[in-house]
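The structure is shown first.

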Amino acid sequence: MKLGLVILLLTLLPLPSVQATTPLDVLHWWTSPGEHRAAEVLRQDLLQHSVIWQDHAVPGGGGDSAMAVLKAQVIAGSPPDVAQIIGPNIGEWANLGYLQPLDEWTANWPDDWHRTLDELTRFNGERVAVPISIHRINWMWLNPQVYQELGLSLPTSWSQIMRDAETLRDAGITPLAHGGQPWQVATLFETLLLSVGGPEFYRDYFVYRTPEALADSRVEEALHLLRDLKTLMDDEMQNREWQEASRMVIEGEAAMQIMGDWVKGEFVAHSMEAGQDFLCMPVPGTAQHHLYSVDTFVFFQREDDETRAAQARFAEGIMDSNTQRLFSLQKGTIPARADLSLAGFDDCAQTSAHVFREAEATGLLAPSMAHSMATTPGVESALFHVLHRFFRDDDIPVTTAREQMARVLGALRDHE
Ligand code: GAL
């Protein structure tokens, strides 16, 4: 067949459209081994959507440093293409006009949503964020071998946890692994408040900030418990990263850690299995409760079509059912999509999903204050400051800390 004819035929053949691969600058705070592996799942998946995830990871669990970097970038006029922003803070950025509305990109998104996530990702009714996963925070993570070897039964009450401490210490094991950073102290405190007061009281305190709740003696009970638990920690914990505390439990240097299920991502990163190599147990008194945080991505407005098209593909990739499954299996979360089966997920995840649904149905979900689900960033950092000072200085009376937090939360209530 003549060469000319071949060339003619080739020009007539429909060639597959090769989607240009576009780099997007993604700002987030997932830097621990488990977090990094989970982010890698997204990065790899987005390549299938012709998006290059240009990693802009800001170290510092809880995201405070990442939000400071984001603000600096925005002030400097170079916001990232994509950012991990969570909670009502999303609305603040949308209100300033920085965020790309997503409604034109959501045609293939599922209809079935958790109401809480639907509300969280909208501003003035318009979708402005894409949710990837839900964390449960009121967990204890245990090294079962430590309890077995010492003949200790698994802890189900605070009094038992306090009682077991001596046996653990005598065996050279730290009863409670913790990092004394402000966000970690605040995460522990909110979990204790939920434990002593329940979800209604928790919501009255952090969400509605009623004068009665702000003055309630259960706040002091939670502060006393925080001080008691500090006696179970080791002296080196002051500025320890959370994943380092997880490592102590993984290696049997410590018996347990109280923290959100991002800790599970660390166990998974060490190929450990729930129920066997590690245990997840609800913090005493909170088995029916779900203290949650939701991870979400937002997109900063862009003029050029190529970046906007890539942002749309990024959003589509994040909402992909398989991506959400694979991410959550690594990250320790449950998928944000409400329509996904959890077949293949461990008991920790199955429990988190069940309790989340039940609590949402009864209006008793507990939005995490420490992870930006309940208050404004300003109030959050003011509470972090009060709690951290109280935690570090045993001479500060419990009533003083309660009054200081009441002032902060009361001020927010009065200015709303
Ligand atoms: C939370 C975030 C989680 C987790 C944690 C520790 O705020 O939602 O995904 O990574 O911080 O860094």
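Strand S11 and strand S13 (residues 366-367) pair in the parallel sense over 2 bridges; pairing requires that DSSP find at least two bridges between two strands. Strands (E, at least two residues) and helices (H or I, at least four) are DSSP runs numbered from the N terminus. The model is predicted: local features need pLDDT of at least 70, side-chain atom pairs count only at pLDDT 80 or more, and totals for chains, interfaces and linings use all residues. Residues are numbered from 1 along each chain as its sequence is written, and side-chain values use heavy atoms, with hydrogens and water left out.

| Partner strand | Bridges to S11 | Sense | Bridge pair |
|---|---|---|---|
| S3 (residues 82-84) | 3 bridges | antiparallel | valine 82 with phenylalanine 299 |

Because 9 of the 9 residues of S11 (residues 291-299) are buried, the strand is largely enclosed by the rest of the structure. Buried means under 20% relative accessible area, exposed over 50%, and partly exposed in between (1.4 Å probe, protein chains only). Leu291, Ser293, Asp295, Phe297 and Phe299 point one way from S11, while Tyr292, Val294, Thr296 and Val298 point the other way.

Helix H8 (residues 182-208) is likewise largely enclosed by the rest of the structure, because 21 of its 27 residues are buried. The end C-alpha atoms of H8 are only 23 Å apart, short of the 39 Å that a straight helix would reach; the expected span is 1.5 Å times one less than the number of residues. A kink of about 120 degrees lies at glycine 198, shortly before proline 199; the bend is the angle between axes fitted to the seven residues ending at a residue and the seven starting there. Arginine 209, whose phi is positive, near 50 degrees, follows H8.
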